[in-house]
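Thanks for coming. Please look at the model first.

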Amino acid sequence: MRLSHAVRIILLLGWYPALASGQSITTLTPHSRFDTTIAPGSIHQYAFQLESRHSVNIVVTQRGVDLVVEVVDPRDSVIQLVDSPNGRAGPEPVELIAARSGRYLLRVRPYDGREPAGRYTLEVTGWRDARGTREVLAQRTRARDSAAAWLRPRSAPLPPLTLTATITALPPLDSLATRVRVIGIGEATHGSREFGDVRLMLTRYLVERHGYRLVAIEASATRLARLDRYARGEIPGDESIARILESGWIGRRPLRELVHWLRQWNSTHASDPVRLVGLDPQDAELARVDLRAFLSRAYPEAMDSFGPVEHELAVADSQTWVFGDSRVNGNARRFLETVVAHATNDAPLLARVLDSAQVRDGLEAAKQLLQFADFNSNSSDPWVRSRDWVMATNLLAAMAPIVGTRAVYWAHNAHVAAPTDRAPGGQPMGSWLRAALGCGYGALAVTFDEGGFVAQIPNDQEDDLAVSSLPRAPEETIEGVLRTSSKGLTISSWACEQRAAGAPAWLQSPQRMHWVGALFRPGTDPATAFRAFRLLNDFDGVVFVPRVTADELPTDRPLIPARRAEP
């Protein structure tokens, strides 16, 4: 898969280029500033001496290359790993308070072996002795206390996390739900039980109390289309439905519970159903079946050409299950572009000559497969769009047929977030929805203080899943402030205009918040499980879960070998 930054960032934990022998090391001083070029596969090293409790701030600003910045302590242990979700442009800020005296190293390297050459600047922006460090920490304590005080009146406790909980009012969610058309509900990990339960409970509330009638998920578009028909009572719960519900591992249990609840709702609200939509053109086996059936009837002369294209798509798509190499070659992409163009032009005739449903399904399958081939093409073509762009497009398309439709969508916090300062290639889905809907889009982060989760072990030959856990978040994090501002399970929200003004600066500046993707190795340094977010600017609200536990650990996943490079 050509991974979005929201998924691929944890992969860097398993990728380290070899250090060249005789690698030069540059010494940093309190006034250092460098502007330099970094080549693919290179590592730049910078050394600086700190006494215990002294501190330093360093900013590495990327210009055309996605960089990772590591801090190594005097014992040669990596104690910080910084890679903000900003792609190939923007700052990678580092702050270090020395736990012991000695020489520290700062390593700057490309994200992976596919990064091009690029430039970056490195600037030391702060260098403090122990007294200066104490003063800064005291100032930050006051800033965090101010942030917690601001959040407190905008927060409310959530009831116990059950789908059957009766909620008569939830002011922070009510104020958000009444002003927006789309609410994105995030999650800080893909594999924590409580995050699924939060989504289920809040989605039920939005359906029952606020008239939301579309549930969209960061999941297979074709598989969820079939689940939607089941949830609306159009088809029975046969073996194919069970197979879809019990496939994959991310979100398996909450999806199962959501579908069953939607079927119950729709059975008693036949004239006012809730639709279920998958936004992701990955995991597209059913789309390939539909396209083959369509081409065999509409364009039989193209079947010989479709054979290798179908194989390429199947091999690439199989890798999305294990976060492997899902690159799609240019021939497949061009074939799909041709099919979409011809089928769109020929649709009026084809609908009369063939079964209209087959034409509709075939054209939809071709479009989905083209989306998949497009963002996995690794092409510099300016027409290529990101996976987040595709998912945003698919959500708005699903809302279009029914005027006034209000939707809730589930995705990782990194997709839900709506920052306004990203370059177009690095914008998450939430930013595209913000651009399209303005304050009609609401982003709700869901995070946790401590606890467990399921994730796939990166670079594991068996693609094994494992349970990991993280300790209590440090004070100087968003979770540390949420812990201070609330007691227990809490939801907070704020007005759209407060993303820019009228709130404490701490909440509007980059602060660390838990961020764990689908890949994580047990025992990894907890510091790597954080990424910088500007809470008020990137989100419109947040759910805080004090402790999470690992969700189901499926044991029936197929073993999918790593893809071999084509000769």
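What you see is a predicted model.

Start with Arg-53, in the loop that joins strand 3 (44-50) and strand 4 (55-63). Its phi is near 75°, which is a positive value in a residue other than glycine. The relative accessible area of Arg-53 is 43%, so this residue is partly exposed.

Next is Asp-76, located in the loop between strand 5 (67-72) and strand 6 (78-82). Here again we have a residue other than glycine with a positive phi, near 70°. Is Asp-76 exposed or buried? Asp-76 has 56% relative accessibility, so it counts as exposed.

Now the helix pair. Two packed helices are described by the angle between their axes and the distance between the axes. For helix 9 (residues 303-318) and helix 10 (residues 330-353), the axes come within 9 Å and cross at roughly 120°. The crossing of the two helices is left-handed.

Which residues of helix 9 meet helix 10? On the helix 9 side they are Ser-305, Phe-306, Val-309, Glu-312 and Leu-313. Their partners in helix 10 are Asn-331, Ala-332, Phe-335 and Leu-336. Sorted by class, this contact of helix 9 with helix 10 has 6 nonpolar, 2 polar and 1 charged residues.

Notes: Residues numbered from 1 in each chain as written. Predicted model: local features only at pLDDT ≥ 70, side-chain atom pairs only at ≥ 80, totals over all residues. Heavy atoms only, no water. Axes fitted to C-alpha atoms, helices over the stretch in contact; angles between N-to-C directions. Helix = DSSP H or I, 4+ residues; strand = E, 2+ residues; numbered from the N terminus. Left-handed = near helix turned anticlockwise from the far one by under 90°. Contact = heavy atoms within 4.5 Å. Nonpolar A, V, L, I, M, F, W, Y, C, P; charged D, E, K, R; others polar. Buried < 20%, exposed > 50% of the residue type's maximum accessible area, 1.4 Å probe, protein only.
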